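Reader: Could you walk me through the strand and helix packing here, and tell me how the terms are set?
Author: Gladly; have a look first.

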There are 2 protein chains.
Amino acid sequence: MIKDIIAAINKGENFLITSHIKLDGDALGSELALYLTLIESGKKAVVYNEDQTPGHYSFLPAAEKILHELPDVNDFDVAFILDCSEIERVGDKAKEIAKIKKIINIDHHISNNGFSPLKLWDGQASSTGELMFRLFKQMNISMTPEICTNLYAAILTDTGGFRYASTSKDTLWVAGNLVEGGANPQWISENIYESDAPAKIFLLKKTLETISLDMENQVGSLVVTKKALSEAGATYEHTEGFVDILRSVKGISISVLYTQLDDNLYKLSLRSKGKVNVEKIAKMFGGGGHVNAAACRIQGEIETIKRDILKAVRETR
Amino acid sequence: MIKDIIAAINKGENFLITSHIKLDGDALGSELALYLTLIESGKKAVVYNEDQTPGHYSFLPAAEKILHELPDVNDFDVAFILDCSEIERVGDKAKEIAKIKKIINIDHHISNNGFSPLKLWDGQASSTGELMFRLFKQMNISMTPEICTNLYAAILTDTGGFRYASTSKDTLWVAGNLVEGGANPQWISENIYESDAPAKIFLLKKTLETISLDMENQVGSLVVTKKALSEAGATYEHTEGFVDILRSVKGISISVLYTQLDDNLYKLSLRSKGKVNVEKIAKMFGGGGHVNAAACRIQGEIETIKRDILKAVRETR
């Protein structure tokens with residue numbers, strides 16, 4: 001299969017590269033590494049994303065080349081759909097992009113629905129970035145420091161800084177090879193993890209005031225209120241990572257972040273350390289996700305919602 | 001030199017293994033990996049540390065074997081002093097331990113004063129754990145999962161989760177080999193980084209109330225008061241990592257944690273992202289440390305101390 005992908009790259013002339021909405025480091029790093037590889041081998045390529053690039057990823061080499069208006073799809077002979085388990089994850093333009101005659105999917109999500117017959121898929125891989133490295137090795141491409149930086153960022157972020165269970169010996173070996181090729185672990189980490197707006201730390205301060213730890217049910221929760229957002233001068237983007245804070249507490253196996261969207265409307269982000277399937281809980285309320293990370297929206301008073309979630313957790317155990 | 005160390009290991013029968021006070025993951029992981037290696041090859045060995053093992057390192061294989069009372073030094077023919085730049089770092093028993101006839105120092109601190117002629121020292125290495133791996137490879141030792149777990153923990157923690165500038169291609173390759181040998185990145189990270197006492201998060205909440213960001217001077221500060229400690233039911237051990245929180249803020253290049261030891265006595269922990277030498281600042285107040293991490297104690301009112309530090313920062317730039 002990987003040979004068919006390489007053949008399609010060699011034969012193709014004009015490539016569209018895209019990924020999922022709610023961009024993350026794996027989506028962006030994989031896209032930009034592929035973009036730079038194609039451009040350097042004399043091909044034409046465009047990266048299109050529906051969503052804007054989050055500020056802490058704007059340092060990624062070639063990030064400024066990303067388009068947010070889809071060009072005429074008739075211009076492309078190949079479309080790469082990266083890090084997507086379903087083509088719908090691309091956003092509003094999914095149907096348009098699906099018209100491109102050769103579609104290639106590179107992905108590592110276990111839930112991949114096989115939408116693309118031509119694919120490089122490995123549900124055991126830590127990240128799409130790790131699969132891109134595998135592809136480039138097979139192609140005998142000499143990876144520039146810019147390509148290595150993008151792939152390192154992809155792997156780093158999708159393993160939570162080499163912490164998740166998906167971190168394998170190969171993941172770390174690949175990361176070592178990327179450093180050898182010019183990726184700088186300290187600089188990349190600083191850009192991604194140490195470049196928060198001051199508003200974020202003020203929002204954290206206000207959010208921690210809402211902490212509640214239910215040790216009996218092993219549930220920790222935090223609430224981001226609209227009032228806190230406005231007082232801290234923060235936006236919803238600044239809540240990134242808040243749901244992981246309570247994971248650090250011993251004895252807490254489920255962490256819930258309630259983000260107030262409107263007076264009586266909350267977005268819930270749920271994280272599990274593995275004991276409880278939070279996807280099941282999110283589904284009860286019309287949401288979805290994965291076993292250890294899921295989300296849903298619930299209308300109502302915060303205290304009522306919290307009680308309902310606790311009940312759902314007890315039923316799911 | 002490494003051959004002389006291997007010869008001393010082969011010839012020796014009874015080994016003392018020790019490291020510095022204020023134990024960290026690199027000290028403990030390196031000690032325990034060496035201990036298990038020696039025991040498995042039929043030698044006698046003892047790990048002695050002046051300080052107790054911090055709770056989040058008690059999961060390390062063989063951690064329960066560590067002694068805190070120094071046995072008769074006449075019993076040992078070799079002493080390993082690990083991760084120490086000077087023998088005094090061992091604590092009160094340094095002079096006693098120095099009597100052991102063969103001293104071997106394995107260390108990666110640039111400031112190493114050469115106290116031991118027989119040494120494995122590399123100021124470029126990420127950690128003493130990485131040097132232990134190099135030694136074991138040279139010895140052709142087949143590392144058990146327990147040994148790999150200890151070395152992985154050593155490297156992980158001394159690179160701040162593979163984030164510091166010392167993270168090299170070799171660091172990541174070694175980490176990959178340790179995973180191949182049985183270290184579990186997720187389990188190790190969870191034990192070290194996700195096993196905080198609930199009191200710690202309550203202390204964080206109270207400490208964040210004291211946040212001040214001086215964007216002009218790029219200084220961020222937090223104060224841990226005795227009142228906050230007592231209200232959170234926390235101890236000084238729970239302040240670990242607090243000084244790094246403000247590093248995440250863009251535009252902050254120096255982070256200071258003021259920990260109240262007594263009514264008018266504070267311990268200052270200083271961290272720099274590289275622009276300002278915080279060792280110089282700490283030295284002005286009788287403290288010490290490294291370019292990017294230093295500490296000192298100052299007597300006085302908190303507001304006066306803060307002003308003095310700001311003045312020192314301006315002078316040091």
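**Strands, helices and the chain contact**

Author: A:Asn14 stands opposite A:Lys44 in strand 2 of chain A. This is a predicted model, where local features need pLDDT of at least 70, side-chain atom pairs count only at pLDDT 80 or more, and totals for chains, interfaces and linings use all residues. Residues are numbered from 1 along each chain as its sequence is written, and chains are lettered from A and ligands numbered from 1 in the order in which they are written.

Reader: How do strand 1 and strand 2 of chain A run?
Author: Strands here are DSSP runs (E, at least two residues; helices are H or I, at least four), numbered from the N terminus. Two strands pair if DSSP finds at least two bridges between them. Five bridges join strand 1 of chain A to strand 2 (residues 44–48), and the two run parallel.

Reader: Is helix 5 of chain B parallel or oblique to helix 7 of chain B?
Author: Their axes (lines fitted to C-alpha atoms over the stretch in contact, with angles from 0 to 180 degrees between N-to-C directions) come within 10 Å and cross at roughly 55 degrees. Angles under 35 degrees count as roughly parallel, over 145 as roughly antiparallel, 65 to 115 as roughly perpendicular and the rest as oblique. So helix 5 of chain B is, to helix 7 of chain B, oblique.

Reader: Which helix of chain B gives the largest share of the side that touches chain A?
Author: Counting residues as in contact if their C-beta atoms, placed from the backbone, lie within 7 Å, 34 residues of chain B meet 34 of chain A. Helix 6 (169–180), helix 7 and helix 8 (198–208) of chain B each supply at least two residues. The largest share, seven residues, comes from helix 6 of chain B.

Definitions and conventions:
Contact = placed C-beta atoms within 7 Å.
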